Amino acid sequence: MDLFPYSPRPNQAEFIRLIEEATANDRHIVVESGTGTGKTVCALVGTLQAALRTGKKVLYLTRTNSQEKQVITELRKINERQAVFGIAIQGRQVTCPLFRRDPDLKGGSPEELSRLCREKKRKSMQDQPGGCRFFTETRLADHDELANHCRSTIPTAEEFVEYCDQKGYCPHELLKELAREARVVAAPYAYFFMPFIRNSLLDWMDVSLGDLIVIVDEAHNLPDYTREVESFQLSSWALDAVEKEIEEFGDPDVLPTASIRDVLVEMKRLIQEALAEYLIDEDGLIPPAFVEEGLMSAFTTSSRGLQTMAKALMEQGEVIRERKAQEGRLPRSYIHGLGGFINFWTSLDEAEYVKLIIGGDNPTLRAYCLDPVVTTSVLLGCGGSLHMSGTLVPLSEYRDTIGLPANTALATYPSPFPQENRRIFYLEDCTTKYEEMAQDEDMVPRMEEHVVQICNVMDRNTVVFFPSYALMDRFIGDKVLARIRRKVHVEERGMGQAELMEVVSRFKGQRDEGAVLFSVVGGRISEGIDFPDKDLEVAIIVGVPYPRPTAKQRALMHFYETKFRKGWEYTVKVPTFRKMAQAIGRLIRTETDIGAAVILDRRAKQFSERMEMDETQAPVNDLVNFFKYHTGKG
Ligand code: SF4
């Protein structure tokens, strides 16, 4: 507890000791720590004490900027007790003064921006036009003064970017330098789970993987995040972009029997055939050899010929990338992407991937990675890791899913806030179960009526969480908004982060009158926004958010049934519970918060052994009584 900067609350000393002992011995820990347990500061103190004893460094991985800021806030407190230097890193799309202000470049991948940056630095060093003035200024800067500034202030990433903006320096270049000295680096997940970025980071930190303790915050996100990292796709829009590249850069042959345009035409045809043959609702499983056989037959070639073709596409793409980088454009090539896709698709491990066709506006071929272990196995080589979240139970499921060893320590630290400050009710007369909704035409109107009544009686900030945008659209289409006599805000599909934050802040600002916010479970609001005090007092969950029975979902279930004999548990029950727990968890963020949730689905009671809840037949009355009991006002 030497580094702990506060008076410890119950369990915190034990929590820290557990972390320190495990990570000092290269072991792993999985912890569910409820709101108010002080998990950020405990994680930092425990891992830092281990790191200082053993000469390791700490990498604290976060999903959001606000979590990263919290890490720096706690680190500053620790630094007041004992000098410990740390930095917060963000990608070039956030830190680079050239890229973040350019709408075309801002959307570049880390690899593309790294390449463009390299080219600009080369030009600067050789005094050629098109270089980077921030890089030049940074080279001339007084680096000792900068390091002293950071040691004394421990800035957040945003503060450091602002500081560099004032001086005309490149934050990215300076952070690379400072990382060597830092005992703690806070960074987004990508800095560890994308191999290309991880290797650079280890280099900057001057540390081997075995000397790095990794903290994964909000770890319930990790399995899906890493599946996405390893998944690969080819969309119809990307093929349209191939067409444009051909017009600009030409159409060389990539096989004796095919030019790039021939491959493009055949891929478009295969997507149409896959849609016609295999799509059911939103996606469909396609036979493993469907694309290979289509291409081989179209171009009378062998599987080796396909590899040659993929390589030729990537080579042509490489020429395009190089030219674009030299011209200061985003070094992206869709022809390179097409070659990479064919190469990957025809050589992937069928045991770990499922091949899908996705419908919608932008039909897409997708190789979806079923097993997060493809990516997370790197954790086994590091000097211990800590995985924590407010919703991680059952811990053994998380451990198994990401492939941590059997001797991983598992621990639960419940929220110290009074349990009675939160009530959860569920209704028996509703469900979003597909078959029942299809048979009972009164089901949706009944749920709409419950939402309208609750919102009209409770003058408290209320979020209505839908399991999907489709159901939210149905409510809106049925004119539910007009029946609610309070200001209603809506989280719309594909909303940008700034726009979403604006909606949330308007909603929070109306807490005295009590506003309503329509949102979706599993989205940015239910998983990542804090609503302390009266910012949120009532949550309505419109149906238990079970995953839809898509081809992808069925493949996942089959994979976990085969691997652990727990297909339903690991791919349906646990993720559904976590989504609901995250949404309901928004209600209580401080010791004095009071909040109640109503789940409009009788299936909710299946989760009652993990989350205390009661049936209600009169939700409005029960809510009014709950708030009257706690606040004297219904
Ligand atoms: S050196 Fe810095 S400012 Fe210049 S392009 Fe690279 S990241 Fe951007």
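## Terms and basis of the model

A residue counts as buried when its relative accessible area is under 20%, as exposed when that area is over 50%, and as partly exposed in between, with a 1.4 Å probe and protein chains only. The model is predicted, so that local features need pLDDT of at least 70 and side-chain atom pairs count only at pLDDT 80 or more, while totals for chains, interfaces and linings use all residues. Residues are numbered from 1 along each chain as its sequence is written, and side-chain values use heavy atoms, with hydrogens and water left out.

The structure contains 52 salt bridges, a salt bridge being a side-chain nitrogen of Lys or Arg within 4 Å of a carboxyl oxygen of Asp or Glu. One of them joins the side chains of Arg-101 and Asp-165, at 3.7 Å from N to O. This pair links distant parts of the chain, 64 residues apart, with Arg-101 in the loop between helix H4 (92-95) and helix H5 (103-106) and Asp-165 in helix H9 (residues 157-167); helices (H or I, at least four residues) and strands (E, at least two) are DSSP runs numbered from the N terminus. Arg-101 is exposed, at a relative accessible area of 52%, whereas Asp-165 is partly exposed at 31%.

A salt bridge also connects the side chains of Lys-355 and Glu-292, at 3.4 Å from N to O. Here the two residues are 63 residues apart, Lys-355 lying in strand E10 (residues 353-358) and Glu-292 in helix H16 (residues 290-298). Lys-355 is buried, with 4% relative accessibility, and Glu-292 is buried as well, with a relative accessible area of 12%.

In the salt bridge of Arg-483 with Glu-449, the closest N and O atoms are 2.6 Å apart. Because Arg-483 belongs to helix H24 (residues 480-483) and Glu-449 to helix H22 (residues 443-457), the pair ties together parts that are 34 residues apart in sequence. Arg-483 is partly exposed, with a relative accessible area of 32%, and Glu-449 is partly exposed at 33%.

The protein chain is divided into domain 1 (12-228 + 373-413), domain 2 (230-369) and domain 3 (419-631), with bounds that come from an automatic or database domain assignment. The centres of domain 1 and domain 2, taken over C-alpha atoms, are separated by 34 Å. Their contact (heavy atoms within 4.5 Å) takes 17 residues from domain 1 and 16 residues from domain 2.

The area buried between domain 1 and domain 2 is about 1,500 Å², of which carbon and sulfur atoms give 46%; buried area is the accessible area (1.4 Å probe) that two parts lose on being put together, summed over both. Of the area that domain 1 buries against domain 2, Glu-112, Arg-115 and Val-374 supply 39%, more than any other three residues.

## Salt bridges at the domain contact

Four salt bridges are counted between domain 1 and domain 2. Arg-115 forms a salt bridge with Glu-322, in which the closest N and O atoms are 2.9 Å apart. H5, helix H6 (110-125), helix H13 (222-230) and helix H19 (373-376) each supply at least two residues of the side of domain 1 that touches domain 2, and H6 gives the most to that side, with six residues.
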